[in-house]
Amino acid sequence: MNESTRKTAVVSNDELEKQRRFMHKVSAVITAGYSEKPKACVITYGCQQNVADSEKIKGMLELMGYDFTDNRLEAKLIIFNTCAVREHAEDRVFGNVGSLKSYKRENPDIIIALCGCMMQQKHIADKIKRSYPFVDLVFGTHVIHCLPELLYRALTGRKRIFEIPDMDGAIAEGVPVKRDNDKKAWLPIMYGCNNFCSYCIVPYVRGRERSREKADIINEFKELVSQGYKEITLLGQNVNSYGKDLIPQVSFSQLLRELNSLDGDFRIRFMTSHPKDCTKELIETMASCDKVAQHLHLPFQSGSNRVLKAMNRHYTREQYLELINYAKELMGDELSITSDIIVGFPGETYDEFRETLSLVEEVKATSLFTFIYSPRKGTPAAEMDDPVSSEEKSRWFKELTDLQEKISAQQMALHKGKTFKCYVYGKGRLADNYVAARNDGNLIIEFEGDESLIGTFQNIKVIEPLTFVMRGEIVKEKNYEY
């Protein structure tokens with residue numbers, strides 16, 4: 001990689017080679033120190049990007065000689081990969097880490113580590129340093145590729161390690177990955193965010209937007225296809241901004257078209273999109289590319305223009321609807337729309353909340369991810385007046401979820417009798433002999449079938465639409481709606 005051809009910093013080959021040397025050093029330490037392979041427990045909170053980061057952590061740990069367990073009380077190394085988006089996630093981390101105090105006292109040789117978005121916040125790292133003295137290692141979002149060196153220091157030294165550099169981040173290519181699923185894969189195409197929505201901590205903990213080189217993405221995508229992965233999800237805090245920091249610039253639509261043209265039987269998904277950067281070109285690309293799922297996750301957060309402005313979202317309700325209507329015009333019933341909504345943003349009135357309800361009725365999303373506003377220290381919204389009580393916000397929240405439940409049921413009912421090409425991803429929940437699949441629009445259809453079907457595409461006819469899942473049956477003919 002020639003660093004002069006891009007605006008974003010790239011981790012040097014010398015640094016990556018240094019980390020590979022530390023992998024060998026860690027391997028030597030644990031080989032000498034344990035009679036059998038030590039186990040690591042990696043606990044992940046938050047978004048799909050955190051899941052992808054944990055897969056890199058496990059990839060490095062595997063090469064260093066660790067096995068894995070989901071039982072933290074069996075582990076010699078426990079890593080919490082944390083999320084800072086909402087207070088509830090932070091509280092869970094503190095509670096789960098605190099519960100290990102006695103385990104650490106009884107087993108002083110174990111290493112307890114914390115990483116991820118929470119740790120990139122100074123006040124959180126200071127709290128860990130002050131109140132959780134049994135935590136050995138804390139590192140931020142920008143130095144995941146340095147785990148071998150940090151772990152070696154933790155294993156061989158006596159001092160606690162806090163590695164949380166204040167930087168915008170860099171791209172580290174070639175970090176090994178141990179994927180959690182052998183049929184579907186997460187593929188990060190960019191990191192960070194430049195949007196600074198007034199309620200969101202992500203730009204502060206993930207740094208500025210930085211895109212991977214198109215060639216690196218395509219090579220990894222080809223490798224995944226050759227390994228048999230059928231569903232590949234492109235990840236970024238705002239995938240619509242992909243390529244703006246590359247020289248020459250590359251648009252997200254261009255990337256999708258090139259990936260779509262590759263040989264193989266696979267489906268491309270992506271998340272997350274920001275409405276201010278969602279273009280008609282992207283919608284046209286989705287409509288024309290047969291391997292790109294016609295599922296658009298486009299968070300609108302609020303239906304009130306005043307609230308959207310206070311959120312620093314840089315679009316209006318009308319602009320959002322224009323995009324949605326254009327997408328529906330091109331893709332029709334094939335399109336599945338999902339979105340995010342924040343209830344009770346500081347200063348939001350009930351009348352403004354009702355504007356959100358009316359937008360929900362217009363959009364008719366198949367499902368929504370809904371949240372009551374959670375203040376994040378360091379963001380502008382955390383300093384805003386917030387006169388509405390939590391009890392009132394909870395009533396609004398229920399009003400929203402009740403409405404969306406009705407809309408979801410109506411949207412599901414439209415699919416009765418249709419046949420879809422579906423990717424079978426796991427065991428079903430409706431019955432013991434059912435497996436679960438997703439259609440192009442990311443809707444779940446469960447049907448009676450053998451687990452040998454997991455990891456394949458099948459044609460499934462919808463027999464009974466339910467609220468959030470559909471019951472179906474497998475069919476042999478190849479004609480399907482989408």
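**Cavities, pockets and sheets**

Me: How many cavities of 30 Å³ or more turn up in a search of the whole structure?
Reply: The search finds two. This is a predicted model, in which local features need pLDDT of at least 70, side-chain atom pairs count only at pLDDT 80 or more, and totals for chains, interfaces and linings use all residues. Residues are numbered from 1 along each chain as its sequence is written, and side-chain values use heavy atoms, without hydrogens or water.

Me: What makes a space a cavity and not a pocket?
Reply: On a 1 Å grid over the protein atoms alone, a cavity is a set of points where a 1.4 Å probe fits but cannot get out; a pocket is an open set with protein on both sides within 12 Å along at least five of seven lines. The largest cavity has a volume of about 200 Å³. Volume here is the space filled by probe spheres set on the points, which are joined across faces, edges and corners.

Me: Which residues lie closest to the centre of the largest cavity?
Reply: Lys-56, Thr-141, Ile-144, Ala-170 and Tyr-191 do, out of 15 lining residues. A lining residue has an atom within 4 Å of a point. By class, this lining has seven nonpolar, four polar and four charged residues. Nonpolar means Ala, Val, Leu, Ile, Met, Phe, Trp, Tyr, Cys or Pro; charged means Asp, Glu, Lys or Arg; the others, Gly among them, are polar.

Me: What lines the second largest cavity?
Reply: Ala-52, Glu-55, Lys-56, Val-177, Arg-179, Trp-186, Pro-188 and Glu-220 line this cavity. They divide into four nonpolar, no polar and four charged. The space comes to about 50 Å³. Helix H2 (48-64) and strand S7 (184-188) are the elements that each give two or more residues. H2 gives the most, with three.

Me: Which residues lie nearest the centre of the second largest pocket?
Reply: Val-175, Val-177, Arg-179, Arg-212 and Glu-220 do, among 18 lining residues. The volume of this pocket is about 350 Å³. Helix H8 (residues 214-226) gives the most to the lining, with four residues. Helices (H or I, at least four residues) and strands (E, at least two) are DSSP runs, numbered from the N terminus.

Me: How do you know that S12 and S13 pair?
Reply: Two strands pair if DSSP finds at least two bridges between them. S12 and S13 (residues 336-343) have three, in the parallel sense.

Me: Why are S12 and S14 called edge strands?
Reply: The open sheet runs S12-S13-S14, with parallel pairing. S12 (295-297) and S14 (367-372) each have a single partner strand, so one side of each has no neighbour in the sheet. Helix H14 (residues 390-413) lies across S13 and S14, at about 175° to S14. Angles run from 0 to 180 degrees between N-to-C directions of lines fitted to C-alpha atoms, for helices over the stretch in contact (heavy atoms within 4.5 Å).

Me: Which strands close into a barrel?
Reply: Five do, in the order S15-S16-S17-S19-S18, with mixed pairing. S17 (residues 444-448) and S19 (residues 470-475) run parallel, joined by three bridges. Phe-447 stands opposite Gly-472 in S19.

Me: How do you know whether the radius of gyration agrees with a compact globule?
Reply: The radius is taken over C-alpha atoms, and the globule rule is 2.2 Å times the number of residues to the power 0.38. For 482 residues the rule gives a value near 23 Å; the protein has 23 Å, so the two agree.
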